[in-house]
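Please find below a colleague's note on the chain shown here.

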Amino acid sequence: MEKRGNIIILSFTQRGYSLSNTIAEELREHFDINIHRVLKLNEFIPSIFTKGNVIIFVGAVGIAVRAIAPLLKNKTTDPAVIVIDELGRFVIPILSGHIGGANDFANKIADLILATPVLTTATDINDVFQVDTFAIKNNYAILNPEAIKYISSSLLEEREVGLCTPFEIAGELPKNIVLKDSGDIGIFISSELNKRPFRRTLHLLPKCFHIGIGARKNISFESLEEFLLEILSCNFIQLEGIATLSSIDLKKDEDAIVKLSKKYNIPFLTYSIDELKCYEGLFSRSDFVKNTIGIGNVCEISAYVSSKRGKIICNKTIKDGITIAIAEEAWRVSF
């Protein structure tokens, strides 16, 4: 299984450091683990307090709270933070329980070290549908996270919450989620940006667009970024709706694409010539590119493959040595 996630475990005593190693051994197969016995915590924390990280303190809750308090921004960008006592009895998520995945990680770690997870989020302890967890697990961007509270409070009070979407729905709707096109409070799952069907609408944007990129060697980052943003604007696509960037594996270290991937936190996938050649007959080709790298079309085919053979909605577009195409993945709402 491909490794995913970056977990940083911090401890302050020898006993805590030993527990850190135990946790790391259990998780190392599937996650990148970094262990630190920290002396100057306030100097170290800012360097790791980044979206996507999972920070585990092995020690007192108070130490963790004081360390992270000056760095808190908002629930969509703060990393997951978990505290474990140094005897390994309790695992307590204290920040970004849903969007950052701290609650799920806490449950996983508690199972591994035979500890008790201590969850305090109301939707978890009342076994109510967690819309933010649903969004992250199913690859949606949350366009207005401030509306999450309206959904959660309504469900906790056992009031109906509307769901409006143009997509096919698979699975059973959660309790008190009702299909409707208007009303007071509801969830809108759509790539349409200018519609708000409910008075208080939580908009979940499917990450269903896949960007295929071809580029001459050492293309500038500024040129690539400018061209991508131009293409997205012309096709009325939000950056948040992009699922992947993709290209041929010859470009796996192309600095401009790698930087673009990191700046916007979009996975960059690459494919071998053999993987792309399977679909070469479906698209136009450039004889020059064919003679240079062995395949006549990179951007459209890589977008097509990344989208699980979806629909090309923007054909190969060329500017200053860069080619870009966009494919839209067939989407359905799965519960």
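The points below go from the whole chain to single elements and residues.

1. Basis. The model is predicted, so local features need pLDDT of at least 70 and side-chain atom pairs count only at pLDDT 80 or more, whereas totals for chains, interfaces and linings use all residues. Residues are numbered from 1 along each chain as its sequence is written, and side-chain values use heavy atoms, with hydrogens and water left out.

2. Overall layout. The chain has 12 helices and 18 strands (DSSP runs, numbered from the N terminus: H or I of at least four residues, and E of at least two). Its C-alpha atoms fill a box of roughly 65 × 50 × 35 Å along the principal axes. Of the 335 residues, 47% are buried (under 20% relative accessible area; exposed is over 50% and partly exposed lies in between, with a 1.4 Å probe and protein chains only).

3. Nonpolar cores. A core here is a set of buried Ala, Val, Leu, Ile, Met, Phe, Trp, Tyr and Cys residues joined through side-chain atoms within 4.5 Å. The largest holds 47 residues, of which Ile187, Ile189, Leu204, Ile211 and Ile324 touch the most other members. Helix α8 (residues 221-234) gives the most to this core, with 6 residues. Apart from it lies another core of 22 residues, including Ile33, Val58, Ile109 and Ala110.

4. Helix α4. The 12 residues of α4 (residues 102-113) should span 16 Å at 1.5 Å a residue, and the end C-alpha atoms are 16 Å apart, which agrees (the expected span is 1.5 Å times one less than the number of residues). The buried residues of α4 are Ala102, Asn103, Phe105, Ala106, Ile109, Ala110 and Ile113. They cover an arc of only 160° around the axis, which puts them on the same side of α4; the arc is that of the directions from the helix axis to the C-beta atoms. Leucine 114, with a positive phi near 55°, follows α4.

5. Strands β14 and β15. Strands β14 (residues 242-248) and β15 (residues 268-271) run parallel and are joined by 4 bridges (pairing requires at least two DSSP bridges). Serine 247 has threonine 270 of β15 as its bridge partner.

6. Lysine 277. This residue lies in helix α10 (residues 273-277) and, at 40% relative accessibility, counts as partly exposed. Leaving aside neighbours within four places in sequence, lysine 277 is in contact (heavy atoms within 4.5 Å) with Lys290, Gly294 and Ile295.
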